[in-house]
Amino acid sequence: MTEVLAQDNAHVADSAPGDERLDGSNVAQGIVGYLVGLALAAGLTAASFYLAAGHFLYGPSVPAALIALAVAQMGVHLVFFLHITTGPESTNNVLALAFGVLIVFLLLAGTLFIMTALHHNMPPMDKLMSMQR
Amino acid sequence: MSAIDSAAPFDPYRLGRGGDGDLGQAGGPAPKRVIVAYGFWIFLLSDIVMFSAFFASYAVLAGATAHGPTGRQIFDLGEVAAETACLLLSSFSCGMAAVATGARNKTAFYLAMIVTFVLGAIFITLEVREFIGLIEAGDGPSRSAFLSAFFALVGCHGAHVSAGLLWLLTMIAQVYAKGFRAEMLRRILCFNLFWHALDIIWVAVFTVVYLLAGRP
């Protein structure tokens, strides 16, 4: 019974961000993991440049596609290079990441919302100058 | 079964980390390696929050060109693709250095770190060349709000990469002088995190700055 408990606890022990998975990591597996990450990231990057340069997609939908590809590539980097996983041993790292993503989202969305609203409510610059006169 | 359950203190979130005493590493406080990397991870997240402020100002000012050039006119996407390839490959070779560290193989470690340094140096060279070309054409940071935001954001990332290159050389020298000691393993882990995080920020840079603003 204690053996089972010990195994269970070893499995959920914390892992540092950047650490490989605790179970069965050796040199070959490590290299394969980085290679898979490199292939996925290179594919997503190539897709981004291709979509931006070509006329493969309907024009107005390109920005949304580019942002989706960028988010996917960040996910690939997080999983394969930084080894941030959903496993129980990296709960702390994922929680910190979630908080960071929340702040980044609030900052970006808040800035864009406020500045766009201001921009729409401001009279054109020449009118503003004539009003001051 | 029930005897063990009732004997164990109620600790569903493992705040005491098992605490049975015979659990080896799982009991007691987390190892220093985990704590150091967690602290550095939080620094990296705060760095990313700082970058998001630069991204927000760039997104707001991207249209404020003051009759100067727009992104479409000044960006060379071929050069940006080369920079992206350099940084992505250097991220991979940095991962190889981490694998070599895990295997305690000094030769492979030096080789992977030197490849990482060369790729990073090519990246910085390309970026500096782009900046110099823009400034010589009269499109420096003082030309328009758009260019101010551009130089601030991309320059901030470039400064991070330059600092990372210095750190990389320090790591090579320290491994040469001290070998794979425990504190060196922690520093190498932190350097790996830093370098991969820079690549993540570059993904956002080439998407938001170059591709979204520079597409035909």
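Guide: Let's look at helix α2 of chain A and its partner α3(A): the two are roughly antiparallel to each other, because angles over 145 degrees get that label, while under 35 is roughly parallel, 65 to 115 roughly perpendicular and the rest oblique. Before going on, note that this is a predicted model, where local features need pLDDT of at least 70 and side-chain atom pairs count only at pLDDT 80 or more, while totals for chains, interfaces and linings use all residues. Residues are numbered from 1 along each chain as its sequence is written, and chains are lettered from A and ligands numbered from 1 in the order in which they are written.

Now the pair itself. α2(A) covers residues 27–53 and α3(A) covers residues 62–81; their axes cross at roughly 170° and come within 9 Å. Those axes are lines fitted to C-alpha atoms, for helices over the stretch in contact, with angles from 0 to 180 degrees between N-to-C directions. The helices themselves are DSSP runs (H or I, at least four residues; strands are E, at least two), numbered from the N terminus.

Which residues do the touching? On the α2(A) side they include A:G33, A:Y34, A:L40 and A:L51, and on the α3(A) side A:V62, A:L69, A:A72 and A:F81 are among them. Contact here means that C-beta atoms, placed from the backbone, lie within 7 Å. This contact has 17 nonpolar, 6 polar and no charged residues. Ala, Val, Leu, Ile, Met, Phe, Trp, Tyr, Cys and Pro count as nonpolar, Asp, Glu, Lys and Arg as charged, and the others, Gly among them, as polar.

How does α2(A) do on length? Its 27 residues should span 39 Å at 1.5 Å a residue, and the end C-alpha atoms are 39 Å apart, which agrees. The expected span is 1.5 Å times one less than the number of residues.

Several α2(A) residues are buried, including A:G30, A:Y34, A:G37, A:A41 and A:F49. Buried means 20 or more other C-beta atoms within 10 Å of the residue's own, exposed means 12 or fewer, and partly exposed is in between. A:L40, also in α2 of chain A, counts as partly exposed because it has 17 C-beta neighbours inside 10 Å. The C-alpha atoms of A:L40 and A:A72 are separated by 9.6 Å, though the two are 32 residues apart along the chain.

Stepping back, chain A has 5 helices and 0 strands, and 24% of its 133 residues are buried. Of its contacts between residues at least 6 apart in sequence, 58% join residues at least 24 apart.

Chain B has 7 helices and 0 strands, with 37% of its 216 residues buried. There, α2 (residues 32–61) packs with α6 (residues 145–178) at about 155°, axes 9 Å apart, which makes α2(B) roughly antiparallel to α6(B).

Technical notes. Two residues are in contact if their C-beta atoms, placed from the backbone, lie within 7 Å.
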